[in-house]
Amino acid sequence: MTTTLTERALTDRGRDVLQRAGNPFRNYFARNPDDEVCARYHVPELFAPERDLLHAIIDLYRYDPNTHSEVVPVLGNKGAGKTHLLHSIKHGSSGQWQLLVTPGVYQKDSEFLEYLLFQIIDTLLGGGKQKGIRPLDYLGEQLVRRQLGIALCDLTPEQKMDLFPPTGLSRFGRVFGFGTAQAQERAEALSENLSGYSNFARMPVPLVQALAAAGLSPQKAFDLVCEHAARNEAHNTAGLMRRNIFNGFARAVLLKDESELANFLTFGFAELEFHVRPTRQDLVLALFKVLADVFRSLKTPIVVAFDQLEDLLLARRSDDAHKTAEAFFAGIVQVMHQIEGLLFLIFAERGLWNRFVPSLDGYIQDRLNNPVHVPKHGTVKALRLEAPAADLVRRVVEARLRPCLEELPQGETDSEIAPFTDEQVMRIAGTEPTLRDMLQQFRHLFDHVIYGPEESPTREQGSNRITEELDEPVAEEITFKSVEIVESPGEPAASAAGVVEQYETPVAEATTEFSPEPSIPVVARTSNLNHDSLVDLWQQEQRAARRKLEPDGALTGATRELQAGLGAFLSACHENGVKVGPWRLQHVVPEWSYGEHPTYGMVTIAHWACKDAQPWKVGIGLFLARGAGKPKDLEIKLAVMDAQPTMVDHLILLRPEDDLAMTGKSKTLLQESERQGKHARLEPISLDGFAQLYSFPRWLAAVRESLPAGAPLPNLADIIQERCEKLLEQVCMPVQG
């Protein structure tokens with residue numbers, strides 16, 4: 001395409017259309033691995049070699065499930081596209097399906113194995129999708145197909161006759177042995193449909209459709225799976241856990257009831273009949289091993305991807321923070337020894353990683369730096385993301401501009417990158433160190449070209465369909481006439497990559513010469529988060545959290561993640577000086593673990609003070625168990641007030657509003673607690689309230705990610721009190737009047 005064509009000026013009508021469409025470069029960073037912006041502007045060729053390499057590493061664990069657990073660091077500068085790469089692995093169409101766990105806030109007061117187990121359970125039971133399907137739906141379908149197929153093969157001819165009785169007049173001939181061949185054929189046909197052999201080179205027949213074609217009801221199929229598991233699984237701890245997991249998956253898939261699986265993974269596994277009562281750590285390890293074995297048997301790797309670890313890797317600022325970071329990496333190494341077949345992906349800034357890892361214990365360093373041997377790719381010690389080539393940057397620009405350009409009048413422009421020119425795109429691609437820096441410069445250039453140097457796009461100028469997460473003013477244009485590069489005689493010239501590692505966010509980039517026309521505004525990378533931007537981020541995270549918590553069992557499975565969110569929420573309230581009536585927080589313990597139950601033995605402790613009075617030590621816990629687990633959950637939560645010395649003066653239990661009534665043993669436990677003088681109250685929480693807790697750490701991370709490196713968080717008191725007024729009253733001491 002010639003320069004003349006690309007530089008052809010837009011008409012006033014075309015400029016108006018682009019102004020109404022909004023700046024497509026507003027969202028220039030991925031908030032998290034589930035950010036929909038990544039899919040909207042995805043360019044498959046971007047990071048394709050790196051993605052193929054990660055898929056090859058994951059496939060090692062698919063085809064050899066007993067591969068030793070390993071860590072693969074994915075290193076790149078801030079804004080290099082690490083989160084976008086992780087999104088493409090989790091949600092992209094390339095590669096096979098794997099259970100990709102992207103943990104939220106690190107729960108530093110928990111045992112790492114326990115923390116990781118409940119992250120997997122949250123991912124399994126939650127409503128979030130991977131490659132377009134919920135993990136529970138995908139794994140449940142695969143597991144039930146396999147177990148049902150095995151159970152059919154083990155049936156005797158008589159049992160097959162009972163399962164597939166003759167129909168019509170043939171049923172009267174059963175006493176003479178008629179119908180056996182027909183039952184055998186139906187059983188074999190169903191087995192073939194379940195295995196997929198009947199549809200070679202095509203997708204297997206869906207489970208429900210296969211059962212309907214065979215004339216087998218879901219209830220009969222469920223009973224068959226449960227009976228087979230009861231006959232064949234051992235009666236030791238692992239066998240009992242496997243049996244309950246098989247039954248829970250079968251009920252979820254065949255009868256559409258996820259509660260049994262959710263209850264077992266959060267409550268039932270700790271209530272099995274044990275000859276010797278195991279410790280809390282032994283229970284967690286036993287359940288983790290069984291779950292890992294089940295997934296390995298389905299050739300489904302468990303991939304744990306940690307992203308946005310800047311807070312941990314900057315931990316050298318204080319001794320306590322460094323100990324937390326050491327415990328995190330020591331926990332990963334310990335899990336690698338305890339559980340086989342896990343793959344850890346650590347997405348981190350290259351400079352921070354290279355400065356932090358040498359400060360760890362030598363053995364931890366060896367395990368983190370242990371290379372992985374990948375067929376056709378060689379030995380991989382770490383995967384490094386570099387700035388994309390200019391032709392890929394052009395494709396990214398085309399993908400961003402395409403929705404806007406499609407609205408232009410026909411014949412307005414025949415350039416795929418209008419209103420930019422090839423020269424401008426190539427220049428930015430050649431001078432900016434990371435993809436994020438390039439997108440930020442394109443954002444300012446779009447404002448400069450479309451809105452003009454004197455204007456700044458606002459929300460009032462037409463309807464903007466692109467969500468404005470950041471509201472930055474366009475910086476004044478600076479044109480460099482000439483630049484002289486001076487080198488010290490004793491120092492070699494630093495490479496571009498070296499400069500990027502040393503300085504995470506350069507103030508401005510310059511080339512040796514700028515042509516007078518067209519000029520590109522050189523801007524400082526600043527970010528001004530205003531109230532509207534914070535609200536936009538809040539609403540996006542709130543919607544995503546609600547989707548994850550909507551399915552049956554998702555709320556129960558997210559117990560520990562919700563507790564961590566509650567701790568982060570109250571810590572932020574303390575740091576930002578949030579008040580609730582006359583009450584103000586004096587101290588917060590985000591998570592306090594007690595007792596031997598891995599799920600229920602956890603509360604957040606908040607010290608609420610009113611004027612000069614002695615503060616109340618308020619324990620706040622999540623009371624989410626249902627069915628048989630409900631009295632046990634309540635009993636363990638009330639036991640926190642028995643701790644000596646006294647840790648809690650008043651207990652608040654957050655309960656789903658649709659199950660607030662206390663009956664039977666639960667009611668007796670509450671009444672007995674009141675007679676003993678223990679102060680406790682139930683607070684009804686809606687799904688939106690739980691979504692606020694679940695999304696709060698992710699919202700906080702998105703706010704931090706949108707700020708320049710080293711910039712402090714703005715004061716969040718106003719937005720917390722505005723968006724969480726009811727929740728604040730529910731986790732505080734009573735406010736009179």
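1. Let me start with the charged cluster: R626, K630, R655, D658 and D659 are joined in a network of salt bridges, a salt bridge being a side-chain nitrogen of Lys or Arg within 4 Å of a carboxyl oxygen of Asp or Glu. Within this predicted model, R626 forms a salt bridge with D658, with the closest N and O atoms 3.1 Å apart. That pair links distant parts of the chain, 32 residues apart: R626 lies in the loop between strand 11 (616-622) and helix 26 (629-638), and D658 in the loop between strand 12 (650-656) and helix 27 (664-675). R626 is partly exposed, with a relative accessible area of 30%, while D658 counts as exposed at 61%. Here buried means under 20% relative accessible area, exposed over 50%, and partly exposed in between, with a 1.4 Å probe and protein chains only.

2. A word on conventions, so that you can follow along. Residues are numbered from 1 along each chain as its sequence is written. Because the model is predicted, local features need pLDDT of at least 70 and side-chain atom pairs count only at pLDDT 80 or more, totals for chains, interfaces and linings use all residues, and side-chain values use heavy atoms, with hydrogens and water left out.

3. Now the chain as a whole. It has 30 helices and 13 strands; these are DSSP runs, helices being H or I with at least four residues and strands E with at least two, numbered from the N terminus. Of its 737 residues, 54% count as buried. The accessible surface comes to about 32,800 Å², and 51% of that belongs to carbon and sulfur atoms; such areas come from the Shrake-Rupley method with a 1.4 Å probe, and for residues only the protein chains shown count as cover. Among contacts between residues at least 6 apart in sequence, 77% join residues at least 24 apart, contact meaning heavy atoms within 4.5 Å.

4. Two further salt bridges deserve a look, out of the 31 that a search of the whole structure finds. The side chains of R145 and E141 meet at 3.0 Å, N to O. Being four residues apart in helix 7, these two are separated by about one helical turn. R145 is buried, at 7% relative accessible area, whereas E141 is partly exposed at 23%. The other pair is E260 and R251, at 2.5 Å, N to O. Both of these are partly exposed: E260 at 26% relative accessibility and R251 with a relative accessible area of 22%.

5. How does K160 compare, and what is the nearest side chain of opposite charge? K160 sits in helix 8 (residues 157-163). K160 is buried yet has no salt bridge, and E188, the nearest side chain of opposite charge, is 5.8 Å away. Leaving aside neighbours within four places in sequence, K160 is in contact with L152, L155, A183, Q184 and A187.

6. Just after helix 10, G215 takes a positive phi of about 75°.

7. On to the cores. A nonpolar core is a set of buried Ala, Val, Leu, Ile, Met, Phe, Trp, Tyr and Cys residues joined through side-chain atoms within 4.5 Å. The largest has 68 residues, and those with the most contacts inside it are L287, F329, I332 and F344. A second, separate core of 56 residues includes Y28, A80, V372 and F420. Beyond its neighbours within four places in sequence, I332 is in contact with V71, F112, F306, F344 and I346.

8. Finally, V397, in helix 19 (residues 390-405). V397 counts as buried, at 0% relative accessibility. Leaving aside neighbours within four places in sequence, V397 is in contact with F25, I417, F420 and F442. V397 and V43 are 354 residues apart in sequence and 9.7 Å apart in space, C-alpha to C-alpha.

Terms used: Lys, Arg positive; Asp, Glu negative; His and termini not counted.
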